[in-house]
Amino acid sequence: MQEILTQEIKLSNPNFSLFIRREDLIHPFISGNKFRKLKYNLVQAKAENHHTLLTFGGAFSNHIAASAFAGKENGLKTIGIIRGDELESKIQDNPTLKFAQECGMKFKFVTREDYRHKTESPFIENLKNEFGDFYYVPEGGTNEFAVQGCEEILSKEDAEYDFICCAVGTGGTVSGLINSSLPHQKVLGFPALKGDFLKEEIRKFVHKENWELITDYHFGGYGKVNPELIAFVNQFYVENQVPLDPIYTGKMVFGVIDLIDKNYFPENSKILLIHTGGIQGNAGMNLKLKIKKLPIINFQ
């Protein structure tokens, strides 16, 4: 684990202080919140004497890439249940799946219809019959052990911040932040998906009320981007030398800066952004952008 940096972000408005916690630098391959989420799951897997880790994800899943490398690093076999049976013949064309395979991960590709049943007991039982014993990690890695790991993102030195902001996928990271936040702080989650259903998922892990989900910055839903967002990500890098991904952290940072401009925050607020990593997914996103003849992510 590398030293975590916190750097100030340039703002045109002098009435606010904005900082970003560079969790993306925590590990070269197990980036950001994936490192946090897997930490205690790996401990638990070893405590239960498992030798195989099985988990789930899509074509460009940060969690799949991180789990594959974490398994390799910890001497565990890994199995990835991948959404989209059409991907089985395209592994070498997919940077995420190619990396995971090179780390030793074995894949099972399932249809999108079957993938919807991934949390149901018959689906899991069929996987046990096929693969034998394994340690189960849900899609995105979110469970009680993941939340425990994400509670370690904040430290006592972070008491100076009024707002803590992060992207939300499955809710594990923001739950950990809420649990470790202080009474005077407010935690803002920016879902990468449409809908309000994540509130109930988060409430499974938290008991505090000092949080809110800001649902206006998903850019059309999970995996959806547009030229405005890509231009923002590229310009943010030029100004701050901080790479963002457009699926999670890029949308969150865009949202926070937009809310500053719209006077959402009280003047003199000190705001901390949590960079949850995911930069590995940019290569796959650029492939999709090129096909659509749209501007690409370019950190030059």
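Student: Where do the numbers come from?
Tutor: This is a predicted model, in which local features need pLDDT of at least 70 and side-chain atom pairs count only at pLDDT 80 or more, while totals for chains, interfaces and linings use all residues. Residues are numbered from 1 along each chain as its sequence is written, and side-chain values use heavy atoms, with hydrogens and water left out.

Student: Back to H11. Which of its residues are buried?
Tutor: Gly-281, Asn-282, Gly-284, Met-285, Asn-286 and Leu-289 are buried in H11. Buried is under 20% relative accessible area, exposed is over 50%, and partly exposed is in between (1.4 Å probe, protein chains only).

Student: And what do they pack against?
Tutor: The buried residues of H11 pack against helix H2 (62-73), helix H3 (95-102) and H9.

Student: New topic: the largest nonpolar core. Which members touch the most others?
Tutor: Cys-165, Phe-190, Val-256, Phe-265, Ile-271 and Leu-273 do, out of 35 residues. Such a core is a set of buried Ala, Val, Leu, Ile, Met, Phe, Trp, Tyr and Cys residues joined through side-chain atoms within 4.5 Å. At least two residues come from each of strand S2 (17-21), strand S7 (163-168), strand S8 (186-191), H9, H10, strand S10 (270-274) and helix H11 (281-291).

Student: Which element gives the most to that core?
Tutor: H10, with seven residues.

Student: What does Cys-165 touch?
Tutor: Leaving out residues up to four places away in sequence, Cys-165 touches Leu-188, Phe-190, Met-252, Val-256, Ile-271, Leu-272, Leu-273 and Ile-274. Contact is heavy atoms within 4.5 Å. Another core lies apart from the largest one; it has 27 residues, including Phe-35, Leu-87, Leu-97 and Tyr-135.

Student: How do S7 and S8 pair?
Tutor: They pair in the parallel sense, over six bridges. Two strands count as paired if DSSP finds at least two bridges between them. Phe-163 stands opposite Lys-186 in S8.

Student: How many of the residues of S8 are buried?
Tutor: Five of the six, so S8 is largely enclosed by the rest of the structure. Helix H7 (residues 172-180) is also largely enclosed, because seven of its nine residues are buried. Those seven are Gly-172, Thr-173, Val-174, Ser-175, Gly-176, Leu-177 and Ile-178.

Student: What is the strand order in the open sheet of four strands?
Tutor: S5-S4-S3-S6, with parallel pairing. Strand S5 (106-110) and strand S6 (135-136) are the edge strands; each has a single partner strand, so one side of each has no neighbour in the sheet.

Student: How many bridges do S3 and S4 pair over?
Tutor: Strand S3 (residues 52-57) and strand S4 (residues 77-83) pair over six bridges, in the parallel sense. Gly-57 stands opposite Ile-82 in S4.

Student: Last one, His-218. Where does it lie, and is it buried or exposed?
Tutor: His-218 lies in the loop between strand S9 (211-213) and H9. His-218 is buried, because its relative accessible area is 17%.

Student: What is His-218 in contact with?
Tutor: Apart from neighbours within four places in sequence, His-218 is in contact with Pro-191, Ala-192, Leu-193, Lys-194, Lys-224 and Lys-251.
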